[in-house]
Amino acid sequence: AIDPQWIVKVTRGGTVHEVVRQPDGKLLIAGEFRYVNGVEFHSLARLNSDGSLDSSFVPYFHAQTPLPIIYALALQADGKIVVGSWHGFALTRLNPDGSQDTSFGTPFPSSSQVYDLAVQADGKILVGGNGMPTLAFYQRLNTDGTRDPGYNPPQPNWDVRRVLQQP
C-alpha cells in the first residue's frame, strides 16, 4: 500500500534514475535534480526511513557544476557507494558519509557515461556504459577501481544500459 504521508519532492526536472536501500533502511536517491524536499541537494541524496532528508550525508560533488547526472549506484559490503554518472566524472566511490574515497581509481575519462553497476560477491565491480576508450563498454573492475585484466568479454555495439548478475 502507498503511504500518503511519505512524499519526497525533487526538482530541476525532478528525475530520479536510481533508488537503493541501505541495510539500515535509509534510501539513496540519485538522478538529475537540484532540490530534495525544498533543500538544495544536487543529484544524490540519502533519505531517512520516514522520507526526510538525511543531512549528515553530503556527497563531495554536491556543489560541482555542471551537476552530475547520476545513472547508477551500487553498495559495497563495507558501506561504500559506487556512483556511475555523466558530467564531471564517470565513476567514483564515496565513503558512507559522502566524502570521496581517494583510494578508488577509475579507468574511464569524465566524458564517459556509466549507466549501470553491479558489485559481485568478491567485491569486483561490473560496469556498463558509453564513452572512451571505446564507444560502448562492459568492463569488470577490481575493488580499487582498476580494470580486471583477466576479464575480457566481447564489447557491445551500442550502449550498455543494464548490468545484471545471475544467481
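**Exercise 1. Follow strand 11 and its partners.**

Strand 11 and strand 12 (residues 136–141) run antiparallel and are joined by 6 bridges. Starting from there, work out which strand pairs with strand 11 in the antiparallel sense over 6 bridges, and which residues stand opposite Asn130.

*Solution.* Before we start, a word on the model: it is predicted, so local features need pLDDT of at least 70 and side-chain atom pairs count only at pLDDT 80 or more, while totals for chains, interfaces and linings use all residues. Residues are numbered from 1 along each chain as its sequence is written, and side-chain values use heavy atoms, with hydrogens and water left out.

Step 1. Strands here are DSSP runs of type E with at least two residues, helices are H or I runs with at least four, and both are numbered from the N terminus. Two strands pair if DSSP finds at least two bridges between them.

Step 2. Strand 10 is the partner we want: it pairs with strand 11 in the antiparallel sense, over 6 bridges. Within the hairpin of these two strands there are 5 residues between the strands, and Gly123 takes a positive phi near 90°.

Step 3. Now look at Asn130 in strand 11: Gln113 stands opposite this residue, and so does Ala136 in strand 12.

Step 4. Finally, check burial (buried is under 20% relative accessible area, exposed over 50%, partly exposed in between, with a 1.4 Å probe and protein chains only). In strand 11 (residues 125–130), 5 of the 6 residues are buried, so the strand is largely enclosed by the rest of the structure.

**Exercise 2. Sort the aromatic pairs.**

Find how many aromatic pairs the whole structure holds, and classify the pair of Phe61 and Phe89 and the pair of Tyr71 and Tyr115.

*Solution.* Step 1. Rings of Phe, Tyr and Trp (its six-membered ring) pair if their centres lie within 6.5 Å; planes under 30 degrees apart count as stacked, over 60 as edge-to-face and the rest as tilted. A search of the whole structure gives 6 such pairs.

Step 1. Phe61 and Phe89 are 5.0 Å apart centre to centre with 45° between the planes, which makes the pair tilted. The pair links distant parts of the chain, 28 residues apart: Phe61 is in the loop between strand 6 (44–47) and strand 7 (69–75), Phe89 in the loop between strand 8 (81–86) and strand 9. Phe61 and Phe89 are both buried.

Step 2. Tyr71 and Tyr115 form an edge-to-face pair, 5.0 Å centre to centre and 65° between the planes. Tyr71 sits in strand 7 and Tyr115 in strand 10, 44 residues apart. Tyr71 is buried because its relative accessible area is 18%, and Tyr115 counts as buried because its value is 8%.

Step 3. Ring pairs also link Tyr60, Phe61 and Phe89 into a cluster.

Step 4. A charge sits over a ring if NZ of Lys or CZ of Arg is within 6 Å of the ring centre and within 35 degrees of the ring normal. Arg161 lies over the face of Tyr115, at 3.8 Å from the ring centre.
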